Amino acid sequence: MANELGYRTARDLFLACPAIARDMKSPAAAQPPLEFCRALLAGRVPEEAVTFCAYLLPERAAVWWGHECLSNVAELLAERDLELLALVNDWVGEPGNPRHRAALSSAVGPSPATPAAWIALSAAWRDPTFDMLSTGFPAAHAVNAGILAGLARVSTADRFGVLSAFVEMGIQMVEMEAQRQSVDAY
């Protein structure tokens, strides 16, 4: 797609969301976003493709992507992380439900220490209790941290394969979101 989620180029995303430059060292390019993402995956620091996807996706879709990535490595997570993923699942299904928001807010602290805690924090990011908006980082920062923390638990031999699968899943979600937005526009 030539216009993934309103960004014609990766540079457009960097301009729209300057916080991404604090999470990535690769300079923005004038390439279409998904082409740039694939180039990152094939580049010197392939983890930056995760970062780029986290920022490219709309917030709710990014949280769901983080949930799905960690669900694919669930055997490497502690029981508490699995409980947090269940709360995130509920929130994604009904983000406006005060019950889900309250459950997330009471389950996660502002200083996450595990992969799923980061994803849960990204879902609760707008909760004034956490005051995360004042950090200047969007929820994508926490999604990125959660996915990369989960990836760090994967064996070195399997890590690039899992990373590639995570990024391809993110790319598919970007394509689905772009298609959904174009349908909603009509």
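**Exercise 1.** Which helices are included in what covers the buried residues of α9?

*Solution.* The model examined here is predicted. Begin with the buried residues of α9, which are Ala-139, Ala-140, Ala-142, Val-143, Asn-144, Ala-145, Gly-146, Ile-147, Gly-150 and Leu-151. Their cover includes α2 (20-23), α4, α5 (59-71), α8 (115-123) and α10 (156-184). Since ten of the 13 residues of α9 are buried, this helix is largely enclosed by the rest of the structure.

**Exercise 2.** Determine whether Asn-144 is buried or exposed, and list its contacts.

*Solution.* Asn-144 is located in helix α9, which comprises residues 139-151. Its relative accessibility is 6%; buried means under 20%, so Asn-144 counts as buried. When neighbours within four places in sequence are left aside, Asn-144 is in contact with Asp-23, Val-50, Thr-51 and Ala-54.

**Exercise 3.** Describe how helices α3 and α4 are arranged relative to each other, and classify the residues in their contact.

*Solution.* The axes of α3 (residues 33-41) and α4 (residues 48-56) come within 7 Å and cross at roughly 155°. Angles over 145 degrees count as roughly antiparallel, and α3 and α4 are therefore roughly antiparallel to each other. From α3, the contact involves Pro-33, Leu-34, Phe-36, Cys-37, Leu-40 and Leu-41; from α4, Glu-48, Ala-49, Phe-52, Cys-53 and Leu-56. By class, this contact has ten nonpolar residues, no polar residues and one charged residue.

Key:
Residues numbered from 1 in each chain as written. Predicted model: local features only at pLDDT ≥ 70, side-chain atom pairs only at ≥ 80, totals over all residues. Heavy atoms only, no water. Axes fitted to C-alpha atoms, helices over the stretch in contact; angles between N-to-C directions. Helix = DSSP H or I, 4+ residues; strand = E, 2+ residues; numbered from the N terminus. Parallel < 35°, antiparallel > 145°, perpendicular 65-115°, else oblique. Contact = heavy atoms within 4.5 Å. Nonpolar A, V, L, I, M, F, W, Y, C, P; charged D, E, K, R; others polar. Buried < 20%, exposed > 50% of the residue type's maximum accessible area, 1.4 Å probe, protein only.
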